[in-house]
Amino acid sequence: MKLKHFTFVFILLCFLFSCKENEASKATIKQDLLIDLTKLNNEIIQFQKLVKNNSSQKEIVEQFKKSRLAYKKIEWAIEYFIPETARFMNGPALDEMELEENRSFEPHGFQVMEEMIYPEYVSESKEDLTRELNIFQSNIKHLKSTFEVITISDDYILDAIQQSVFCVIALGITGFDSPILQSSIPEAGESLISIPKSLEKINSNSKSLSELKVLIGKAQQYCKENDNFNAFDRAFFITEFLNPISKKIKAFQKEENIKTVKKNSPLKPTVETIFDKDAFDVNAFVLSEEYNFTKEKAVLGEKLFYDKNLSKNNDRSCATCHNPQKAFTDGLKTNVSLTGSNLARNTPTLTYASLQNAQFWDMRQLDLEKQSVDVIQNKDEMHGSMENIHAKIQLDKEYINLFKKAYPKTSKPEAWQIQNAIASYVRSLNSFDSRFDEYMRGNKNALNNEEIEGMNLFMGKAKCATCHFTPLFNGTVPPSYSKTEHEVIGTPNEASGKSLSPDKGRYIYNQMPQLVGAFKTPTVRNSAVTAPYMHNGVFKTLEEVVSFYNKGGGIGLGYEVENQTLPFDKLNLTVKEEKALVAFMKTLTDKKYQ
């Protein structure tokens, strides 16, 4: 009995010691965050002094870079734990809009300051720059007070760190948050510093951690030795460093038996890399749990998708405009209405459409369920009646059997299930099996040298990936994927570029000046088989699309597009580079369309 009693006491003491040690490690992580915030604040104070003393542009730009590097060391925690503040510290220099309330907020933070100081800094900007720095300092104070009171557990630390690696891939090395100075590469190296530093607090003796340190050291060295933004080899950096780092973080998590964070996120918590075949969960974009995807729903939805009885005259189905042979597009500039006239907009692909937070070019519907009803009931497209369709289905034995399999909890087909089934079929159309995907999963022979050059251009000099985010290549912003972006690019009305498209896009439904000519950023996946391009189908080839962007969009063509969100400077891509860019986009084609 004495031995058992001693053993119990010993285990209890070990447990209590472990708990105290665990609590101490979290306190140390929080202390580190507060120390890093103080360092960031010191850099901002120095920045303020230089501005106040009318220092040279060179000194101001260099201090700006130092301040950004200090921010990058702690960005992983700010972006994860306090994203609403992060948006106004390092978000895009574009108005933040709340469409439900029809109001907008002016941007703040580093990207706004970057535009003030580069390529030139004039004395007239001093007052505005001082104001921005003061706001930034207020945000630092808010971060400090928040970090002092929140609880940070191991599972959230692991999740935040993993997401930071995904951020470096999808945003950091693309120039997303350094569009003018293009200081993204050294900043990417700085972002990795926090990974081993934080994991050490959990277990400094971990085997995975020691291997991780070596990898991160090499990655940082690579960034230092190859800091030219345009020349940086992103394909090599991701496959040789960032993906292995991501895998090692997951290995560390398994070694330490740290649970995954349960949250409604498109990125599954089990992923090793952002390029895993099953990395994305379509259920993160559904209305509620009863709308979740199942194979049985998709089977039912496929039958409905090809059923012409959904239209008023029984002569048109969803597949009439969304041809599966063309990656669910139709190959037309714009399709034809029921009365024979041309529709206003090009038919977009349904592949990967489930991985976004808005549907249609003008983003007027938030989910696929509403999208299907919108099309079916549209008098120009199908002119059907959901009430009549529901009535027909209840008289069809084959449909009734399929509904029982798809919705076993209900006794008979319900109207909402028709929408959900069609949406479920669309949710089944994400393959993630292109040659690009193979390459990112380790098959070095999947891409040739020209295609790899094109990938590096896409994520670098050509700036494509600052809107079409890797690896979805649409406008759904990583790593939270809670927002899908629109862009104003100044699309011409005809390929000759004589006039601007008169289509006002999102402005039709949300009449804010920033939204005139704004359209959803579509996926570039399967773009090789979904011509023609743009909301009006104005460009017949990918070469024409690349040429348009190379010239600087609408403003580059000489149009007056005051609210253009696309950078309007020429990209200065050579003919060879344009060709490589097109070659890369063709590698994003799913196997079934190759």
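Trainee: Which residues in H3 do Arg 68, Tyr 71, Lys 72, Glu 75, Ile 78, Glu 79, Tyr 80 and Phe 81 in H2 meet?

Mentor: This is a predicted model, where local features need pLDDT of at least 70, side-chain atom pairs count only at pLDDT 80 or more, and totals for chains, interfaces and linings use all residues. Residues are numbered from 1 along each chain as its sequence is written, and side-chain values use heavy atoms, with hydrogens and water left out. Contact means heavy atoms within 4.5 Å, and helices (H or I, at least four residues) and strands (E, at least two) are DSSP runs numbered from the N terminus. On that basis, the H2 residues meet Pro 83, Ala 86, Met 89 and Asn 90.

Trainee: How many nonpolar, polar and charged residues does the contact of H2 with H3 have?

Mentor: Ala, Val, Leu, Ile, Met, Phe, Trp, Tyr, Cys and Pro count as nonpolar, Asp, Glu, Lys and Arg as charged, and the others, Gly among them, as polar. By those classes, the contact of H2 with H3 has seven nonpolar, one polar and four charged residues.

Trainee: Are H2 and H3 roughly parallel or roughly antiparallel to each other?

Mentor: Axes are lines fitted to C-alpha atoms, for helices over the stretch in contact, and angles run from 0 to 180 degrees between N-to-C directions. The axes of H2 (residues 57-81) and H3 (residues 83-90) come within 8 Å and cross at roughly 150°. Angles under 35 degrees count as roughly parallel, over 145 as roughly antiparallel, 65 to 115 as roughly perpendicular and the rest as oblique. H2 and H3 are therefore roughly antiparallel.

Trainee: Is the crossing of H2 and H3 left-handed or right-handed?

Mentor: A crossing is left-handed if the near helix is turned anticlockwise from the far one by less than a right angle, and right-handed if clockwise. For H2 and H3 the crossing is left-handed.

Trainee: At what angle do H4 and H5 pack?

Mentor: H4 covers residues 110-117, and its axis lies 10 Å from that of H5. The packing angle is about 160°. That makes H4 roughly antiparallel to H5. H4 also passes H5 in a left-handed crossing, at that angle of about 160°.

Trainee: Which residues in H5 do Phe 110, Val 112, Met 113, Met 116 and Ile 117 in H4 meet?

Mentor: The H5 side of this contact is Asp 128, Leu 129, Glu 132, Leu 133 and Phe 136. The residues of the contact divide into eight nonpolar, no polar and two charged. Buried means under 20% relative accessible area, exposed over 50%, partly exposed in between (1.4 Å probe, protein chains only). Among the buried residues of H5 are Leu 129, Glu 132, Leu 133 and Phe 136.

Trainee: What distance does H5 reach from its first C-alpha to its last?

Mentor: H5 (residues 126-149) has 24 residues. The expected span is 1.5 Å times one less than the number of residues.

Trainee: Which residue does a cis peptide bond join to Tyr 118?

Mentor: Most peptide bonds are trans. Here omega is about 10°.

Trainee: What is omega for the cis peptide bond that joins Ala 531 and Pro 532?

Mentor: Pro 532 is found in the loop between strand S4 (519-520) and helix H19 (542-550). Its cis bond to Ala 531 has an omega of about 0°.

Trainee: Is Tyr 481 buried or exposed?

Mentor: Tyr 481 lies in the loop between helix H18 (449-458) and strand S3 (486-487). Its phi is near 55°, a positive value in a residue other than glycine. At 1% relative accessibility, Tyr 481 counts as buried.

Trainee: What relative accessibility does Asn 314 have?

Mentor: Asn 314 is in the loop between helix H11 (295-305) and helix H12 (318-321). Its phi is also positive, near 55°. Asn 314 counts as partly exposed, at 37%.

Trainee: What distance separates the C-alpha atoms of Phe 328 and Thr 351?

Mentor: Phe 328 is in the loop between H12 and helix H13 (368-377), and at 4% relative accessibility it counts as buried. Residues that Phe 328 touches include Thr 351, Tyr 425 and Tyr 593. Phe 328 and Thr 351 are 23 residues apart along the chain, and their C-alpha separation is 6.9 Å.

Terms used
Lists of a residue's contacts leave out its neighbours within four places in sequence.
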